[in-house]
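Dear colleague,

Please find below the structure I promised to pass on, with its sequence. I would be grateful if you could read the notes with the model open beside you.

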Amino acid sequence: MDRRKSEEAKASGSVSYAAVEGAGEPSERQEHGAAKADGLTSGAVRSESLAGQVYAQFRRSERKLTTSVRLTQLALLILFFAGWEAASRLQWIDGLLFSSPTRVWGLLVEKTADGTLLVHTWTTVWETIVGFVLGTLLGTAIAALIWYSPFLSRVLDPYIVVLNSLPKVALGPLFIVALGPGMLSIIATTLSITVIITILVVYNSFREVDPNLLKVVRIFGGNRSAVFQKVILPASYPTIVSTLKVNVGLSWVGVIVGEFLVSKEGLGYLIIYGFQVFNFTLVIGSVLLIAVVATFMYQAVVYLEGKLTVQS
């Protein structure tokens with residue numbers, strides 16, 4: 001009897017112990033899960049912190065590299081003008097033909113003070129902007145028209161190739177006779193240079209768009225106009241902007257050549273006039289001023305490229 005009671009007591013004790021142990025297991029599992037979650041959270045925070053540190057280090061290195069590049073460019077520019085000035089003063093070069101930075105600067109200040117330099121500069125800049133914008137827009141529009149009509153593309157292809165190989169500057173006298181010795185003939189000379197290049201580059205960009213993208217739009221019922229608006233034109237934005245960069249230089253070439261032929265105002269006129277009166281300081285000063293203004297124009301196109309890239 002006593003033996004049976006002792007066995008029952010042991011059984012009840014083991015059951016109660018098991019109950020107590022079982023009651024403690026969920027709590028332990030919860031604590032373990034919470035610790036694991038805390039570990040994952042802290043690990044994510046550490047990874048984000050590490051990524052932030054790497055990105056900050058990359059930004060610092062990029063800023064340091066950019067600063068080094070800018071300082072090197074400035075040093076080269078200063079070295080060029082200093083060497084030019086020294087060579088002129090020491091008579092290593094002919095100062096009459098190649099002038100010097102101080103002479104050029106003095107002449108530009110003098111022409112700015114009497115107002116003539118601003119008039120000539122604005123005339124050339126205005127003609128260049130008009131030729132640049134019209135050449136890009138007209139060339140892009142013709143390229144779109146040729147892409148839209150395969151028949152027209154096959155008809156015009158040999159003529160575009162011939163016009164591209166033709167020295168467009170040689171057409172200047174024809175424009176002068178047809179349009180008169182004025183701004184129209186200068187802009188026409190600029191357009192003859194920029195339009196053909198724009199047509200060729202932009203049209204080839206239209207043709208090289210991924211054909212799978214075109215098939216997707218056509219599957220959903222898009223016609224040729226929808227394909228152009230939704231796929232072709234957005235995909236060609238980088239090429240069009242690159243064409244803008246090329247047209248900056250070509251526009252200046254067209255305008256200056258046109259001013260060589262007919263203009264009585266502008267930086268091209270100053271170059272020809274300086275050559276005729278043997279004033280090479282005026283010639284070099286006009287060339288340097290063209291380089292400065294063209295650089296600002298190019299940087300404006302680079303800024304536009306950044307905006308279009310972000311939007312697309």
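This is a predicted model: local features need pLDDT of at least 70, side-chain atom pairs count only at pLDDT 80 or more; totals for chains, interfaces and linings use all residues.

Residues are numbered from 1 along each chain as its sequence is written, and side-chain values use heavy atoms, with hydrogens and water left out.

The protein chain holds 12 helices and 0 strands, where helices (H or I, at least four residues) and strands (E, at least two) are DSSP runs numbered from the N terminus. Of its 312 residues, 31% count as buried; buried means under 20% relative accessible area, exposed over 50% and partly exposed in between, with a 1.4 Å probe and protein chains only. Among the contacts in the protein chain with a separation of 6 or more, 71% are made by residues 24 or more positions apart, a contact being heavy atoms within 4.5 Å.

Leaving out residues up to four places away in sequence, V248 touches F132, A294, M297, Y298 and V301.

Within helix 3, P101, V104, L107 and L108 are buried. These four residues cover an arc of only 130° around the axis, so they lie on the same side of helix 3, the arc being that of the directions from the helix axis to the C-beta atoms. An α-helix has 3.6 residues a turn, so residues three or four places apart point the same way. E110 and A113, on the other side of helix 3, are exposed. Just after helix 3, G115 takes a positive phi of about 90°.

Helix 4 and helix 5 pack at an angle of about 130°, with their axes 6 Å apart; axes are lines fitted to C-alpha atoms, for helices over the stretch in contact, and angles run from 0 to 180 degrees between N-to-C directions. The two helices are therefore oblique to each other, since angles under 35 degrees count as roughly parallel, over 145 as roughly antiparallel, 65 to 115 as roughly perpendicular and the rest as oblique. In this packing, L145, I146, W147 and Y148 of helix 4 meet P150, L152, S153, L156 and I160 of helix 5.

S153, which lies in helix 5 (residues 150–165), is buried, with a relative accessible area of 12%. Not counting residues up to four places away in sequence, S153 touches I146 and Y203.

S185, in helix 7 (residues 183–207), is also buried, at a relative accessible area of 1%. Its contacts, leaving aside neighbours within four places in sequence, are F175, I176, L179, G180 and V262. S185 and V262 are 77 residues apart in sequence, while their C-alpha atoms are 8.3 Å apart in space.

Q91, in the loop between helix 1 (2–89) and helix 2 (95–98), has a phi near 60°, a positive value in a residue other than glycine, and Q91 counts as exposed at 68% relative accessibility. S99, in the loop between helix 2 and helix 3, has a phi near 55°, again positive in a residue other than glycine, but S99 counts as buried at 0% relative accessibility.
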